[in-house]
Amino acid sequence: MPLWNQIYMAVWSITTRPIRSCLMALTLGAGAGSVALATAILAGYGQQMERMVFGAYARSLVITENTLIHDRFGPPRVSDLEALDQELGTLVEARAAWRTGFAEAQGDGDRYEVRLFGVVGDYQREANMAVAHGRAFTRAELAGAERQCMLGASAAARLFARPADAVGAPVRINGISCAVIGVFGPAETNTAERYALGVLLPFTAMVRYFDRSAHLAPDEANQLTVVLLDRRSISAARETADRILRREHGAPLSHAAPFRFGDENASLRAMNRQRDLLTRLLFSIATISMIAAAIGYGGYTLSAVETRRRDIALQMACGALGSDILFQFMLESLILGVLGAAIGAGVAAGLGFLVSSLWDIPVALDPSLALAALAGSIGAGVAAGALPASRAAAAAPALAVKG
Amino acid sequence: MAGECIAVVGRSGAGKSTFLTILGLLDQPDAGTVSFLGEDVSGIPPAALARRRRGRIGYLFQDAGLIARMRVLDTVCLPMRYAGRAADDRKAAAYKALDAVELSEKANRRVEELSGGERQRVGLARALALGPQLLVCDEPSAALDEQTTGVIGRLLSDHANRGGCVILATHDPLLMPIADRMIRFTNGAAIEEAKP
């Protein structure tokens, strides 16, 4: 029998019993939806955790001086960024050089010790906080040496009675006046948290006016951060960076590495291992739902075969082969599986949106959801429909004679 | 047998329906041999049996044997669909068969919306649509009025006159006259009798 006719018969069978077909598709949809929702929650949870714990560090090379060895090669320099940029080129998304220190600061009240962050480059990958008052630094301001600063939310709250009043007011750092141009909002990630009680300044301004540490030359930084486009390129980028920095600082390969490369990726892998445990748990639950749905669907199909035995025998008396009947029932399962997947993906997306809005559970809705639902639903439908279909195919055509 | 109409009679339970089932290649006998168009088909697999009957054998069952939710047109097209006939051919042949049983105006109705007589006529249209060499009818007029029985008798007779073979299990005196020969089932034995 031609394929088109097989499809016609399968669609006819589905559409002439719409309520039963809807129930069957819903059964598969419920199972597929649970798999898709579990996938969405896991993906959302993973992304959220990664963002909260590591921020941009998850895909960054963080280069600092290797303080465990005393050598003549010194800390990294701001100029190293350019060399790194030239060699790593397309792998790099952003870069920054940081100089850190502590200072005594005073706003419109008492003095407090605060942390100073002198930066040049793209600081917002690490200090990724919204600006609550005032404005952010421009690229030109960061490259310059003006005595301007931005305050972390906690620092602003300590130094000023009303943080909003800090904007435009001077803050005295180690007794030297500096104009506040903006105040950050609350930190939402662990990486940003360190800037909450800090003062952010242009790198050169910090070196020139506020940094009292004597061990760093003007061009030297405590930390270089190179944010990569893809986390997977960290290992390769690290090797390249080590080679470049050794060359720039004249450190031979035979010498111990003069710089340390912060491997946040290792921590990330550890976190992912924990997440994998949760993944297994959630997938176990979702799989049980899928199995329950498949059993329910199989029961429906088996019952349908029993009630349609004479119809099947009549089809066979009209010329259908057992294989035609088998194929027709398998096609029905396939079509209902696709319908179930559509329902499942829709339910998962709807529920995902709901739980995300109501309980702030992170949910990542993406095309893989639909694929997970499609695979689950079709797989369950075809697997559970196989036995009833084979029973239908084995029906005796002689049953057609019996009314 | 071609061009003949054979009546099969006997008491209930005598084995008429079983005989027709085997004759129509819907089942295999427990013993003995079955020959169809000169070929011994005893013991061949169900799929091979189905291929032999495809397009060659038509059936008219006691209760018409229709699928209740199917449209009349689709019902008549069903054997042609399985025989692999093209859609246009199918439709033309189906309307021709429905014209013959005077039901073409109900082609788009569902079978379950038809009366008993109409269903039996649709069943006959389905059986005749492919022009089968053998038409097997099991008590086709059991629940029909005289007029419908007459229509069915005429169509069966026409089919035999066109060279088809009609085998008919019936007790209906209105259908008996169309039979050329009669086989009576008594105590498990089939006895051929003269023309009724």
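Analyst: A residue is called buried when its relative accessible area is under 20%, exposed when it is over 50%, and partly exposed in between, using a 1.4 Å probe and the protein chains only. Ser60(A) shows how this works: its relative accessibility is 1%, so Ser60(A) counts as buried. Ser60(A) lies in strand β1 (residues 60-65) of chain A. Leaving out residues up to four places away in sequence, Ser60(A) touches Thr225(A), Val226(A), Val227(A), Ile234(A) and Gly262(A), where contact means heavy atoms within 4.5 Å.

The model is predicted, with local features needing pLDDT of at least 70 and side-chain atom pairs pLDDT 80 or more, while totals for chains, interfaces and linings use all residues. Residues are numbered from 1 along each chain as its sequence is written, chains are lettered from A and ligands numbered from 1 in the order in which they are written, and side-chain values use heavy atoms, without hydrogens and water.

Helices (H or I, at least four residues) and strands (E, at least two) are DSSP runs, numbered from the N terminus. Six strands of chain B form an open sheet with mixed pairing, in the order β4-β5-β6-β1-β7-β8. Two strands pair if DSSP finds at least two bridges between them. At the edges are β4 (57-60) and β8 (189-193) of chain B, each of which pairs on one side only. From one strand to the next the twist averages 20 degrees; axes are lines fitted to C-alpha atoms, for helices over the stretch in contact, and angles between N-to-C directions run from 0 to 180 degrees.

Now take β1(B), residues 5-10, within that order. This strand is mostly covered, with six of its six residues buried. In a regular strand the side chains alternate between the two faces of the sheet. In β1(B), Cys5(B), Ala7(B) and Val9(B) point one way, Ile6(B), Val8(B) and Gly10(B) point the other way, and all are buried.

The neighbours of β1(B) come next. Strand β6(B), residues 165-169, runs parallel to β1(B) and is joined to it by four bridges. Across that pairing, Val8(B) faces Ala169(B) of β6(B). Strand β7(B), residues 181-186, is also parallel to β1(B), with five bridges between them. There, Val9(B) has Arg184(B) as its bridge partner.

The axes of α5(B), residues 116-128, and α6(B), residues 146-161, come within 10 Å and cross at roughly 10 degrees. Therefore α5(B) is roughly parallel to α6(B): angles under 35 degrees count as roughly parallel, over 145 as roughly antiparallel, 65 to 115 as roughly perpendicular and the rest as oblique. From α5(B), the contact uses Gly117(B), Gln120(B), Arg121(B), Leu124(B) and Leu128(B), and from α6(B), Thr148(B), Ile152(B), Leu155(B), Leu156(B) and His159(B). By type, the residues of this contact are five nonpolar, four polar and one charged. Here Ala, Val, Leu, Ile, Met, Phe, Trp, Tyr, Cys and Pro count as nonpolar, Asp, Glu, Lys and Arg as charged, and the others, Gly among them, as polar.
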